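Subject: Handover of a structure and notes on its contents

Dear colleague,

Please find below the structure that I am handing over to you. My notes on what was found in it follow, and I would ask you to read them with the model open beside you.

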Amino acid sequence: MKMADLCSEFGDLVQIKKQLISVISLCKERGLLHSAKWASELAFALDPLPKDELPPSPPFTEEDAQDLDALTLAKSYFDLKEYDRAAYFLKGCCSQKAYFLYMYSRYLSGEKKKDDETVDSLGPLEKGQVRNEALRELRVELSKKHIAGELDGFTLYLYGVVLRKLDLLKEAVEVFVEAIHALPLHWGAWLELSNLVTNIEMLKSLSLPDCWIKDFFMAHMYTELQMIKEALQKYQSLIEAGFSKSTYIISQIAVAYHNIRDIDQALALFNQLREQDPYRIDNMDTFSNLLYVKGMKPNLSYLAHNLVEIDKYRVETCCVIGNYYSLRSQHEKAALYFQRALKLNPRCLGAWTLMGHEYMEMKNTSAAIQAYRHAIEVNKRDYRAWYGLGQTYEILKMPFYCLYYYRKAHQLRPNDSRMLVALGESYEKLSQQVEAKKCYWRAYSVGDVEKMALLKLAKLHEQLNESDDAAQCYMLYIQDIFSCGEQLEHAEVSTALRYLGQYYFKNKLYDEASLCAQRCCDYNDAREEGKALLRQISQVRDQIETPSADLFAPLSNNTPVRRVSPLNLISFTP
């Protein structure tokens with residue numbers, strides 16, 4: 001969307017602020033606290049309204065007046081989580097508000113009972129073993145009202161949630177879209193819909209209302225679907241449209257950078273967020289993942305202590321502590337805290353995935369598999385869980401399973417070199433060398449973060465006696481390693497130099513062979529071979545000298561490697 005179009009859409013920020021204030025009130029009355037919080041944070045980012053601009057209270061109907069006492073009483077019980085009691089006093093009420101709270105109380109009562117049944121179980125349960133018993137009754141009642149056209153935006157949202165919980169996903173999507181059209185400003189409905197959108201084609205096929213909140217939804221969806229460039233553009237447009245102070249947007253941009261592994265940028269944004277909102281707990285588990293990857297133990301320790309002081313019974317706090325113990329290699333303690341997080345919220349995606357990683361560290365593959373499967377059950381778009389399953393089956397030496405799970409991870413992250421290298425290794429184990437070559441070359445083409453793809457490709461060519469291709473890959477590998485400016489820990493430069501030395505020697509390019517042999521002498525594991533090659537070269541020095549070239553300069557026409565087509569596989573995906 002062009003900036004001009006967005007600005008016209010967001011031109012009247014005063015009107016948007018009024019809408020947000022109104023929907024905050026509506027959500028609070030119905031106990032939809034997360035949606036109220038989201039709208040409140042967004043409203044706070046906009047300038048305050050003068051007294052005469054504040055929106056009026058919503059109209060009060062005769063039915064509202066009749067149900068007022070029962071609703072006030074029931075809402076006080078609801079706020080104290082006495083859901084059955086709230087539902088009892090709302091039974092028979094006629095107003096839309098009271099009907100929603102009545103049905104929502106029954107739904108939450110069922111959820112609470114379900115959680116109570118599962119709370120003592122540490123191991124993942126089979127899907128569907130424990131269900132919210134109220135769901136089927138609620139579906140029957142809401143379905144009748146739906147057919148009669150008697151559901152408002154809020155009750156349509158609740159109907160969608162019930163359908164989703166019963167795994168009636170197609171119907172749930174339709175109902176959530178209907179709920180959004182009926183009440184576009186209810187963020188909860190958009191969020192529920194986002195959990196059911198599986199790919200960009202499905203997203204494009206949805207008929208969504210043309211409202212400013214749609215841009216927030218699209219940015220969120222782009223992040224979820226790993227379309228990070230588009231997500232960042234959307235969020236930048238929203239900032240320019242007037243939401244520059246929004247902590248929600250800053251956190252979402254930080255998450256987007258986390259997803260593309262731009263760790264420094266993500267850390268800077270999270271630190272900015274902590275300055276603006278020091279008591280914030282939302283997204284702090286993602287912040288801790290970044291600190292973990294960077295090995296910033298003191299920072300992670302400070303964050304964990306800080307969150308414990310704020311609220312130690314939050315899911316994010318447990319995940320942060322889990323990451324802290326994991327960084328200290330105390331994997332049993334880490335797993336314990338991820339289990340605590342899951343007791344607080346069994347649908348916490350990050351905790352399932354991280355717990356899988358801990359079980360992997362403890363060599364408990366069956367528990368790791370269960371944890372990763374649960375993560376996928378919560379969100380099929382979680383590439384980390386698919387990748388984790390692939391790694392687990394790799395340990396179990398089951399390459400066909402590996403291939404399946406790595407393929408799934410690759411579909412979700414088509415430009416992530418780690419997925420492609422893992423796929424290549426699986427194909428190699430299954431003796432599918434052509435496919436393996438494609439994967440390794442593609443991994444190098446998209447930007448190999450671990451600098452392993454070319455090395456693996458070179459070794460594969462070497463095994464297949466494709467010496468020209470192997471030499472070219474080793475050459476590219478050496479250039480790649482030295483262009484980083486730092487010697488990577490896993491770098492196998494000596495392996496490449498040894499092969500290139502022998503390759504040039506066989507092709508009678510003695511200057512180049514000599515240069516490789518001399519460089520081999522810099523590495524302990526290749527020193528003897530380098531010296532032996534130098535002796536061989538000196539014995540045949542009477543032959544015609546070939547013009548020398550800088551081995552580590554970028555490849556050009558006069559570089560002494562036979563110009564073989566460098567695996568024209570860029571356009572292929574495995």
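**Salt bridges**

Glu111 forms a salt bridge with Lys114, and their closest N and O atoms are 3.7 Å apart. Please bear in mind throughout that this is a predicted model. Both partners belong to helix H6 (residues 96–118), and because they are three residues apart there, about one helical turn separates Glu111 from Lys114. Glu111 is buried, and Lys114 is buried as well.

A second pair can be found in helix H9 (residues 169–182), where Glu174 and Lys170 are four residues apart and therefore separated by about one helical turn. Their side chains meet in a salt bridge, with 3.4 Å from N to O. Are these two partners buried or exposed? Glu174, with a relative accessible area of 48%, is partly exposed. Lys170 counts as exposed because its relative accessibility is 61%, and the cut-off for exposed is over 50%.

Arg314 has a relative accessibility of 26% and so counts as partly exposed. Glu316, at 16%, counts as buried, because the limit for that class is under 20%. Arg314 and Glu316 also belong to a network of salt bridges that links them with Lys37 and Asp282. A search of the whole structure finds 30 salt bridges.

**The chain as a whole**

The protein chain has 30 helices and zero strands. Of its 574 residues, 51% count as buried.

**Helices H26 and H27**

How do helix H26 (residues 453–463) and helix H27 (residues 467–483) cross? Their axes come within 8 Å, and the crossing angle is roughly 160 degrees. H26 is therefore roughly antiparallel to H27, since angles over 145 degrees are classed in that way. The crossing of these two helices, H26 and H27, is left-handed.

On the side of H26, the contact is made by Leu454, Leu455, Leu457, Ala458, Lys459, His461 and Glu462. On the side of H27, the residues are Asp469, Ala470, Cys473, Tyr474, Leu476, Tyr477 and Asp480. Sorted by class, the contact of H26 with H27 has nine nonpolar, one polar and four charged residues.

The buried residues of H26 are Ala453, Leu454, Leu455, Leu457, Ala458, Leu460 and His461. What covers these buried residues of H26 includes H27, together with helix H24 (417–429) and helix H25 (433–445). Just after H26, you will find Asn465, which takes a positive phi of about 60 degrees.

**Helices H12 and H14**

Another pair to examine is helix H12 (residues 213–224) with helix H14 (residues 247–259). These two helices pack at an angle of about 20 degrees, and their axes are 10 Å apart. H12 and H14 are therefore roughly parallel to each other, because angles under 35 degrees are classed in that way. The crossing of H12 and H14 is left-handed.

Which residues of H12 and H14 meet? From H12 there are Phe216, His220 and Thr223, and from H14 there are Tyr248, Ile249, Gln252, Val255, Ala256 and Asn259. By class, this contact of H12 with H14 has five nonpolar, four polar and no charged residues.

**Thr223**

Thr223 lies in helix H12. With a relative accessible area of 3%, Thr223 is buried. When its neighbours within four places in sequence are left aside, Thr223 is in contact with Ile228, Ala231, Tyr235, Val255, Ala256 and Asn259. Thr223 and Ala256 are 33 residues apart along the chain, and their C-alpha atoms are separated by 5.9 Å.

Yours sincerely,

A colleague

Conventions: Residues are numbered from 1 along each chain as its sequence is written. This is a predicted model: local features need pLDDT of at least 70, side-chain atom pairs count only at pLDDT 80 or more; totals for chains, interfaces and linings use all residues. Side-chain values use heavy atoms; hydrogens and water are left out. A salt bridge is a side-chain nitrogen of Lys or Arg within 4 Å of a carboxyl oxygen of Asp or Glu. Buried means under 20% relative accessible area, exposed over 50%, partly exposed in between (1.4 Å probe, protein chains only). Axes are lines fitted to C-alpha atoms, for helices over the stretch in contact, and angles run from 0 to 180 degrees between N-to-C directions. Angles under 35 degrees count as roughly parallel, over 145 as roughly antiparallel, 65 to 115 as roughly perpendicular and the rest as oblique. A crossing is left-handed if the near helix is turned anticlockwise from the far one by less than a right angle, and right-handed if clockwise. Contact means heavy atoms within 4.5 Å. Ala, Val, Leu, Ile, Met, Phe, Trp, Tyr, Cys and Pro count as nonpolar, Asp, Glu, Lys and Arg as charged, and the others, Gly among them, as polar.
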